[in-house]
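Me: I'm new to this one and would like to learn how to read its charged pairs and strands. Could you walk me through it?

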Amino acid sequence: MPDRGQGARTVIPAAPSFKVLQEAAEWFAVLGAPAVDAAQRQRWRQWHDADPAHQLAWSQVEAISGKFLDLPGSGKPMAHRVLDAAAAGQARRRRALKMLALLCAGGVGSWGALQAVPWRQWAASHHTGLGERHEIRLADGASIWLNTHSAIDVDYSADLRRIRLVAGEILVATAPDIQSPARPFVVDTAQARLRALGTRYSIYQQEDASVVAVFEGAVRVEPTSEGAAGSILHAGEQARITRSGAGPVEAAATARRSWAEGLIVAENMRLGDFVEELSRYRRGYLGCAPAIADLRIVGTYATADTRQVLATLEATLPVRVRMPMPWWTVLEPR
């Protein structure tokens, strides 16, 4: 009998590859067809049970798709056929996903976006939905633009002008304080406090870092980790900030401010990075095959019409756009 005491450990499967994730999406579409026979269900079950990575990929596709199954015209009967074909435990998961769909706003650009219910965004002072942009004028004359699916808290006190970036991305244009003595203007992220030194800059809150790009003036970076060294970013500079400090300084990317005008400006950008950026403005899953991720693109693309952007990519690059389901889109080699 195996020892369930010492030496026992839980094996967590690695994140599924792009190929496996695509296989899961294809199976989801197949099982949702009007006529699905027992042989197809059996082949799906064999594929599903063959590898923990397959099971994880299926759960991810199921979760992403679950956000769209109750929408008009999205194929709700298909969903019920798929979920009814799975194990009885999936019924409980489906109910949880329906609750998640009620709590989650917007689309899903990555699996990581599904891991937390964005209740903090809804409770924030200001927030935007998927594809929305909004400008806020603060009492001191400063302006803040919120990008898609972003949220901030504004906390002005007698001695500090504080903005907390809850999620997403903002572009900040500071103004001289109306009080005397002037109060510092800071933006707090999960990784650092960013102290403005008379400036215009953007901050993009990612899962484990903040990307800060400075366009005018300078920003002092004060990491949250005790003992971490601070630094200053000057106009034209950009860096990825973690709790331990700023990474290598790069030239500030135009894309980090062009979104305020509804544009993605690609300056010799990797296709994989471009697709990740575009996914922030599109409902559902949008992915890029590793085989074409390193292709380089140049141009200006409107975020308001992601379908047109994808059509342009397909017309100008050796890629094709595949949509096995309305909410699942991938770019593959042609």
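This is a predicted model: local features need pLDDT of at least 70, side-chain atom pairs count only at pLDDT 80 or more; totals for chains, interfaces and linings use all residues.

Me: Where do Arg195 and Glu222 lie?

Reply: Arg195 sits in strand β7 (residues 192-196) and Glu222 in strand β10 (residues 218-223), so the pair ties together parts that are 27 residues apart in sequence.

Me: How do β7 and β10 run, and how many bridges join them?

Reply: They run antiparallel, joined by five bridges. Within that pairing, Arg195 stands opposite Arg220 of β10.

Me: Which residues of β7 are on its covered face, and which on its uncovered one?

Reply: Here's the general idea: in a regular strand, side chains alternate between the two faces of the sheet. In β7, the covered face has Ala192, Leu194 and Ala196, while Arg193 and Arg195 are on the uncovered face.

Me: What does β7 form with β6?

Reply: A hairpin, with three residues between the two strands. Strand β6 (residues 185-188) pairs with β7 in the antiparallel sense over three bridges, and Val187 has Leu194 as its bridge partner in β7.

Me: Back to charges. How many salt bridges are there in the whole structure?

Reply: A search finds 19. The general idea is that side chains of opposite charge can pair when their charged atoms come close. One of the salt bridges joins Glu169 and Arg256, with the closest N and O atoms 2.7 Å apart. Glu169 belongs to strand β5 (residues 161-173) and Arg256 to helix α7 (residues 255-258), so this pair ties together parts 87 residues apart in sequence.

Me: Are Glu169 and Arg256 buried or exposed?

Reply: Both are buried.

Me: Which residues are linked in a network of salt bridges?

Reply: Glu26, Arg320, Arg322 and Glu332. Within it, Glu332 and Arg322 form a salt bridge whose closest N and O atoms are 3.4 Å apart. Glu332 is in strand β19 (residues 328-333) and Arg322 in strand β18 (residues 319-325), 10 residues apart.

Me: And how accessible are Glu332 and Arg322?

Reply: Glu332 has 13% relative accessibility and counts as buried, because the cut-off for buried is under 20%. Arg322, at 22%, is partly exposed.

Note on methods:
Residues are numbered from 1 along each chain as its sequence is written. Side-chain values use heavy atoms; hydrogens and water are left out. A salt bridge is a side-chain nitrogen of Lys or Arg within 4 Å of a carboxyl oxygen of Asp or Glu. Helices (H or I, at least four residues) and strands (E, at least two) are DSSP runs, numbered from the N terminus. Buried means under 20% relative accessible area, exposed over 50%, partly exposed in between (1.4 Å probe, protein chains only). Two strands pair if DSSP finds at least two bridges between them.
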